[in-house]
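User: I would like to learn how to read a structural model. Please take it feature by feature, with the general idea before the case.

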Amino acid sequence: MDIEFKKVMIDALTEALERNLPVTIKNSANSSIIALTATEGKIIMSLSKMPNLLDDLIHILSDALGTGPDLVYNRISIIKEDFIIYYVVWIRDDEESKGFIEQEFAMPQNHITFMSPKTISLIKDSPLKIDNN
């Protein structure tokens, strides 16, 4: 991946962490959007229209954060149904993120492709009732 692009991603992550506001990176050439949101409890990266960038983006942010993601999933956009949005979540505080993880796990439209042991533990300890019938 291009060094300049890595720098843009790290700068966006830094800004999201410092300001606790979403930061958006738009690529006008292919209309893709990368959004980074950071709170005390979690960091969420969302990506639209460029799934081939997902692995590279995960590596860039994981290297910067010093840890891999805790949840990776995708779903069809509720705003515009012609594309899929990919989500990657890094949990920073178990207690603050617990409700978010429970909510995302329970949503049937999410296609979860990865859960870390931390995420699995949060789900196991949650009051969710899973019906296996």
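User: With which residue does Glu15 form a salt bridge, and how far apart are the closest N and O atoms?

Analyst: Start with the general idea. Side chains of opposite charge can pair when their charged atoms come close. A salt bridge here is a side-chain nitrogen of Lys or Arg within 4 Å of a carboxyl oxygen of Asp or Glu. In this structure Glu15 pairs with Arg19, with the closest N and O atoms 3.7 Å apart. Keep in mind that this is a predicted model, where local features need pLDDT of at least 70, side-chain atom pairs count only at pLDDT 80 or more, and totals for chains, interfaces and linings use all residues. Residues are numbered from 1 along each chain as its sequence is written, and side-chain values use heavy atoms, with hydrogens and water left out.

User: What separates Glu15 and Arg19 along helix α1?

Analyst: Helices (H or I, at least four residues) and strands (E, at least two) are DSSP runs, numbered from the N terminus. Glu15 and Arg19 are 4 residues apart in helix α1, so about one helical turn lies between them.

User: Are Glu15 and Arg19 buried or exposed?

Analyst: Buried means under 20% relative accessible area, exposed over 50%, partly exposed in between (1.4 Å probe, protein chains only). Glu15 has a relative accessible area of 34% and is partly exposed. Arg19 is at 55% and counts as exposed.

User: How many salt bridges does the structure hold?

Analyst: The structure holds 3. One of them joins the side chains of Asp11 and Lys7, at 3.0 Å from N to O. Both residues lie in helix α1 (residues 3-19), 4 residues apart, about one turn. Asp11 is partly exposed at 39%. Lys7 is partly exposed too, at 45%.

User: Which residue forms a salt bridge with Arg75?

Analyst: Glu104 does, with the closest N and O atoms 3.0 Å apart. Glu104 is in helix α3 (residues 94-106) and Arg75 in strand β4 (residues 71-76), so this pair ties together parts that are 29 residues apart in sequence. Now check burial. Glu104 is buried, with a relative accessible area of 4%. Arg75 is buried as well, at 15%.

User: What about a charged residue without a partner? Which side chain of opposite charge is nearest to Lys42, and how far away is it?

Analyst: Lys and Arg count as positive and Asp and Glu as negative; His and the chain ends are not counted. Lys42 is buried yet has no salt bridge; Glu96 is the nearest side chain of opposite charge, 4.5 Å away. Lys42 sits in strand β3 (residues 42-48).

User: Which residues is Lys42 in contact with, leaving aside neighbours within four places in sequence?

Analyst: Contact means heavy atoms within 4.5 Å. Beyond those neighbours, Lys42 touches Thr37, Val89, Trp90, Arg92, Glu96, Ser97 and Phe100.

User: Is Ser62 buried or exposed?

Analyst: Ser62 is buried, at 11% relative accessibility. Ser62 belongs to helix α2 (residues 54-65).

User: Now the whole chain. How many helices and strands does it have?

Analyst: The protein chain has 4 helices and 6 strands. Along the sequence the pattern reads α-β-β-β-α-β-β-α-β-α. The radius of gyration is 15 Å, close to the 14 Å that the globule rule gives for 133 residues, so the chain is as compact as a globular protein of that length. That radius is taken over C-alpha atoms; the globule rule is 2.2 Å times the number of residues to the power 0.38.

User: What share of the 133 residues is buried?

Analyst: Buried residues make up 41%. As for contacts between residues at least 6 apart in sequence, 53% join residues at least 24 apart.
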